[in-house]
Amino acid sequence: MAVRQFVMQLGALPAPEVEAVFLRNGAQAITYRDAADAPVLEPAPGETPLWPETTITGLFGDDQDLAPLTADLLSSFGLGELPAHRVEILEDRAWEREWLQHFRPLRFGRRLLVVPGEVTAAEPGDVIVRLDPGLAFGTGTHPTTALALEWLEGLDLAGRRVLDFGCGSGILAIAALRLGARSACACDIDPQALAATRENARRNGVAERLAVAAHLEPAPESFDVVLANILADTLIAAAPVLTALLAEGGRLLLSGVLEAQSDEVARAYAGQVELEPPVVREGWARLTGRKPRRRDDGPVARVRNGR
């Protein structure tokens, strides 16, 4: 199937906010390019700056209407017209495999290593997650996923039950299982995400401990760790469900949040979870916290197995 890419000059627009608009309008992949041959040769430690003149490219299905994307960009940034941009039709290709040409092993924390399927390089003691996301979001290269994986690597997951809400490729749930979690559930409304998660679980030898689900419904089950790497609006809307799913004393991770949205997201969870100060990288924020132990938490929810 052919695909289209929407290419736009960033100009003075903030990259994380523009990226968020692309994602909520269905972008399957996003890349940045130097538009003026002005390489950044010596970034400061811990920084990954963009170029002085940068283009952002979003990859979309050939039949996707891009008018809502244009309208959203104009409205979100108060623009009368968009910066220079173009829409290109790209030749039919296995686009879900294109990332493998450039993807190299990524390390998170001391021992978690995310690698493409055929790469074997590792050090003694490394915990390896072999990943092929297909068309689902989540490789570890995006700051939101990287922040989540680094936090997860630092937890003691032995014997824990984990929920990955909005699982994408399943990377967080699978990493948790590889790091010692007893069981996990990966939940997503996107069939492509569920298919990618099942295949990645099989590839990593954790399929027997992973439930793959499309729906949540009331029932007496809770999770020791709840992970949600999705956009802020969804995190806010899902707050009652996610806090109900989280066991007393359980740990919560919220990612996919722009720094400017972190206070609004935190307010949605106030009173249910004791949140720590956000950790920010490249304009994206990670929120983590713990659910206090109480005598009566009311009804919780369980996941309906969608295998």
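This is a predicted model: local features need pLDDT of at least 70, side-chain atom pairs count only at pLDDT 80 or more; totals for chains, interfaces and linings use all residues.

Visitor: What makes strand 5 and strand 6 a pair?

Guide: Pairing needs at least two bridges. Strand 5 and strand 6, residues 112–116, have three bridges, in the antiparallel sense. Three meets that cut-off, so they count as paired.

Visitor: Which order do the strands of this sheet have?

Guide: The order is 5-6-7, in an open sheet of three strands with mixed pairing.

Visitor: Why is one side of strand 5 and of strand 7 left without a neighbour in the sheet?

Guide: Strand 5 (106–108) and strand 7 (127–131) each have a single partner strand, so they stand at the edges. On average, neighbouring strands here are turned by 25 degrees against each other, direction ignored.

Visitor: What lies across strand 6 and strand 7?

Guide: Helix 5, residues 171–178, does. Helix 5 runs at about 150 degrees to strand 7.

Visitor: Why is proline 124 called exposed?

Guide: Exposed means over 50% relative accessible area. Proline 124 has 85%, so the word applies. Proline 124 sits in the loop between strand 6 and strand 7. Its C-alpha atom is 9.0 Å from that of arginine 111, 13 residues apart along the chain.

Visitor: Why does glutamate 282 count as partly exposed?

Guide: Its relative accessibility is 42%. Buried is under 20%, exposed over 50%. Glutamate 282 falls in between, so it is partly exposed. Its loop joins strand 14 (279–281) and strand 15 (284–290). Glutamate 282 also has a positive phi of about 50 degrees, although it is not a glycine.

Technical notes. Residues are numbered from 1 along each chain as its sequence is written. Side-chain values use heavy atoms; hydrogens and water are left out. Helices (H or I, at least four residues) and strands (E, at least two) are DSSP runs, numbered from the N terminus. Axes are lines fitted to C-alpha atoms, for helices over the stretch in contact, and angles run from 0 to 180 degrees between N-to-C directions. Contact means heavy atoms within 4.5 Å. Buried means under 20% relative accessible area, exposed over 50%, partly exposed in between (1.4 Å probe, protein chains only).
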